[in-house]
Amino acid sequence: TYLANLLIDMYGKCGSLADASAVFGGIRRPNSFSWTIMMAAYARNGELSTARQLFDAMPCRGLVAWAAMVAAYAHQGLMPDAQDMLQRMPHWNVATWNAMLWAYGRAGNVDAATGLFTSMPEHDMVSWLALLTAFDRAGQVQEARAAFDAMPEHSAAACTSMLVAHARHGQLDKAVLLFDRMPPGTATMASWNALVAAFAAAGDLRAAESARAAMPQTSLDAWNSIVAAQAAAGQLQAAKAEFDRMPEHDAAAWNALLLAYLRSGNPDGACDLLEERMPVGAADLVSRNAVMACHCRAGRLGRARRVFDGMSERDAVSWNTMVAGYARTGDLAEAERLFRNMPRWDVVTCNLMICAYADDGRPAEAVRLFDTMQERD
RNA sequence: UCGAUACCUUUUUUU
């Protein structure tokens, strides 16, 4: 059972739900770990209702199982459901509070986050980090820094997050200082990656490169951030050269290169890369979505649609991109058709359809959709 | 040291 549990966990974390549940089903006597791991696997992969069914079917539910279910709802932003589970839990612990804290922070609800933080009976390093992140997400760097300074101790994760926050707000000096002040040997790969990305995003490629070279191990992530920074600056040749120096290329690397073509005004190069030169399996959802968006912006709806139709899986961005493409070219009929056939609508979907109706001179439809949206909240 | 909450790289879609 021990080994089977490890296996379920592994499959769950890499998205192979079918394999995970096959292993789970093959266990003679699943223990409480097995149940919770399987449940978390469904939750992680967005199958919330299946997770809930499993939760309800569990022979006995420990604190971790309850906390995991709360976290699952909170992670999806389903705060009412999360609250409801909270009420029904026999006990609470820090992890439960932390899950709620992160959800508030992610939603940009600083007030709820700070309120919860102050009313929590105890805090651990994750709680502090969640608070810092909540401020950062809301664009409040100073408050984030105040939270950082108030922490009882500075974990590597906290330093990394604070570093990123400074860098995002153009405070490269503060970011670098933070890294330099970290006790020797405590910087994780994440910290190093963040440092390299900070230099690269600020345009200091020389510093980025030397930081990357100084890393204890080679990091594709750090390398990707350098390529991406050049791509974002529209430097196609430099990005390509950097890309070619890399020992290996993961999906993020290919996407960074794609971005270089797109940002340097070379959509055809991007398409060619995606459709002809990228190795099979290298392209992921982000790659296809990016190229689709590019076709749409250039008014080539047919080509965009071909990419869309050829996708084995589509996410909200894929659908939204396609709908937006039709709406922009004035083909509202097709946009509407897709809109109705979408598996799920999010805020972006509603916004773009409202705008589309408004632009098309159908304010009544726009208002109706807006009202529907309000009700669903 | 079998399970829940956290940090880094690629972010593409609406305003």
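User: Is A290 buried, partly exposed or exposed, and what is its relative accessible area?
Analyst: In this predicted model, A290 has a relative accessible area of 25%. Buried means under 20%, exposed over 50%, and partly exposed in between, with a 1.4 Å probe and protein chains only. A290 is therefore partly exposed, at 25%.

User: Which helix holds A290, and how far in space is A290 from P216?
Analyst: Helices (H or I, at least four residues) and strands (E, at least two) are DSSP runs, numbered from the N terminus. A290 lies in helix α19, residues 285-297. A290 and P216 are 74 residues apart in sequence, and their C-alpha atoms are separated by 33 Å.

User: What conventions apply to the numbering and the values?
Analyst: Residues are numbered from 1 along each chain as its sequence is written, and chains are lettered from A and ligands numbered from 1 in the order in which they are written. Local features need pLDDT of at least 70, side-chain atom pairs count only at pLDDT 80 or more, totals for chains, interfaces and linings use all residues, and side-chain values use heavy atoms, with hydrogens and water left out.

User: How many helices and strands does chain A have?
Analyst: The DSSP runs of chain A include zero strands. The number of helices is 24.

User: What radius of gyration does chain A have, and why does it agree with a compact globule?
Analyst: The radius is taken over C-alpha atoms, and the globule rule is 2.2 Å times the number of residues to the power 0.38. For 377 residues, a compact globule would have a value near 21 Å. Chain A agrees with this, because its radius of gyration is 23 Å.

User: What percentage of the residues in chain A is buried?
Analyst: The count runs over the 377 residues of chain A. Buried residues make up 44%.

User: Which residues have the most contacts inside the largest nonpolar core?
Analyst: A nonpolar core is a set of buried Ala, Val, Leu, Ile, Met, Phe, Trp, Tyr and Cys residues joined through side-chain atoms within 4.5 Å. The largest has 78 residues. Those with the most contacts inside this core are I8, M38, F55, M100, F148 and M162.

User: What does F55 contact, leaving aside its neighbours within four places in sequence?
Analyst: Contact means heavy atoms within 4.5 Å. With those neighbours left aside, F55 is in contact with M39, R61, A65, W66, M69 and M85.

User: Is F135 buried or exposed, and which residues does F135 touch?
Analyst: F135 is found in helix α9, residues 125-137. With a relative accessible area of 12%, F135 is buried. Not counting residues up to four places away in sequence, F135 touches V110, T114, Q140, E143, A144 and A147.

User: Is R305 buried or exposed, and which residues does R305 touch?
Analyst: R305 is found in helix α20, residues 301-309. R305 is buried, because its relative accessible area is 18%. Residues up to four places away in sequence not counted, R305 touches M322, Y326, E334, R337 and L338.

User: Where is A194, and which residues does A194 touch?
Analyst: A194 is found in helix α13, residues 189-201. A194 is buried, with a relative accessible area of 11%. Not counting residues up to four places away in sequence, A194 touches T160, L163 and V164.
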